[in-house]
Amino acid sequence: MDPILLSLDELKELYGRRMAVSDRAARKNPLGYKRLRCLLCRVKNHPVDVESWTGLATQVARLCEEMGPGTVFEFFSENIHPHKRGQARFFRTECRELLRQCDELTEWRIARSGLRIVK
């Protein structure tokens with residue numbers, strides 16, 4: 001399926017499937033997902049030394065790979081990994097975008113659940 005040729009409804013359906021697969025992966029590996037989010041928050045909120053970005057990027061990419069194929073994490077595993085397509089100058093940006101996708105997954109989970117917050 002070429003994403004450029006998809007209609008809006010097809011894109012929404014593809015998005016829903018990706019989120020469902022990502023949700024199952026995060027539920028199957030909650031510690032890995034939590035560790036991934038912690039690393040992403042660390043990159044977002046603290047400076048990353050140029051010499052140490054390789055190890056941190058490898059950890060983030062490995063955690064993304066653990067989530068499995070068909071997830072929203074799959075794209076980031078290659079774009080963050082320093083020995084694949086990852087570059088130091090884009091590392092923080094990629095991590096911020098991945099954290100935004102994690103937040104989007106959380107919002108998607110909340111919207112799909114039947115639970116509501118009552119004050």
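Glutamate 78 touches Lys84, Arg85 and Gly86, leaving out residues up to four places away in sequence; contact here means heavy atoms within 4.5 Å. Glutamate 78 sits in helix α4, residues 73-80. Helices are DSSP runs of H or I with at least four residues, strands are runs of E with at least two, and both are numbered from the N terminus. With a relative accessible area of 34%, glutamate 78 is partly exposed. The cut-offs are under 20% relative accessible area for buried, over 50% for exposed, and partly exposed in between, with a 1.4 Å probe and protein chains only. Between glutamate 78 and tyrosine 15 there are 20 Å in space, C-alpha to C-alpha, and the two are 63 residues apart in sequence.

Before going on, some conditions. This is a predicted model, in which local features need pLDDT of at least 70 and side-chain atom pairs count only at pLDDT 80 or more, while totals for chains, interfaces and linings use all residues. Residues are numbered from 1 along each chain as its sequence is written, and side-chain values use heavy atoms, with hydrogens and water left out.

Now the overall picture. The protein has 5 helices and 0 strands, in the order α-α-α-α-α along the sequence. The C-alpha trace spans about 45 × 45 × 20 Å along its principal axes. Of the 119 residues, 34% count as buried. Taking contacts between residues at least 6 apart in sequence, 67% join residues at least 24 apart.

Next, helix packing. Two packed helices are described by the angle between their axes and the distance between the axes. The axes are lines fitted to C-alpha atoms, for helices over the stretch in contact, and angles run from 0 to 180 degrees between N-to-C directions.

How do α2 and α5 cross? The axes of α2, residues 30-45, and α5, residues 88-112, come within 9 Å and cross at roughly 135°. The two helices are therefore oblique to each other; angles under 35 degrees count as roughly parallel, over 145 as roughly antiparallel, 65 to 115 as roughly perpendicular, and the rest as oblique. The crossing of α2 with α5 is left-handed, meaning that the near helix is turned anticlockwise from the far one by less than a right angle, with clockwise being right-handed. Residues in this contact include Tyr33, Leu36 and Lys44 from α2, and Phe91, Arg96 and Leu99 from α5. By class, the contact of α2 with α5 has 11 nonpolar, 1 polar and 6 charged residues. Nonpolar covers Ala, Val, Leu, Ile, Met, Phe, Trp, Tyr, Cys and Pro; charged covers Asp, Glu, Lys and Arg; the others, Gly among them, are polar.

Lysine 44 belongs to α2 and is partly exposed at 43% relative accessibility. Its contacts, apart from neighbours within four places in sequence, are Arg92, Arg96 and Leu99. The C-alpha atoms of lysine 44 and arginine 96 are separated by 6.3 Å, although the two residues are 52 apart along the chain.

α3 and α5 have axes that come within 11 Å and cross at roughly 35°, again in a left-handed crossing. From α3 the contact takes Trp53, Leu56, Ala57, Val60 and Cys64, and from α5 it takes Ala88, Phe91 and Leu98. These residues divide into 8 nonpolar, no polar and no charged.

What about the core? The largest nonpolar core has 26 residues, of which Leu36, Leu40, Val60, Phe73, Ile80, Phe91 and Leu98 touch the most other members. Such a core is a set of buried Ala, Val, Leu, Ile, Met, Phe, Trp, Tyr and Cys residues joined through side-chain atoms within 4.5 Å. α5 gives the most to this core, with 7 residues. Isoleucine 80 has contacts beyond four places in sequence that include Trp53, Val60, Phe91 and Leu98.

Last, glutamine 101 in α5. Is glutamine 101 buried or exposed? Glutamine 101 is buried, with a relative accessible area of 15%. Not counting residues up to four places away in sequence, glutamine 101 touches Met19, Val72 and Phe76.
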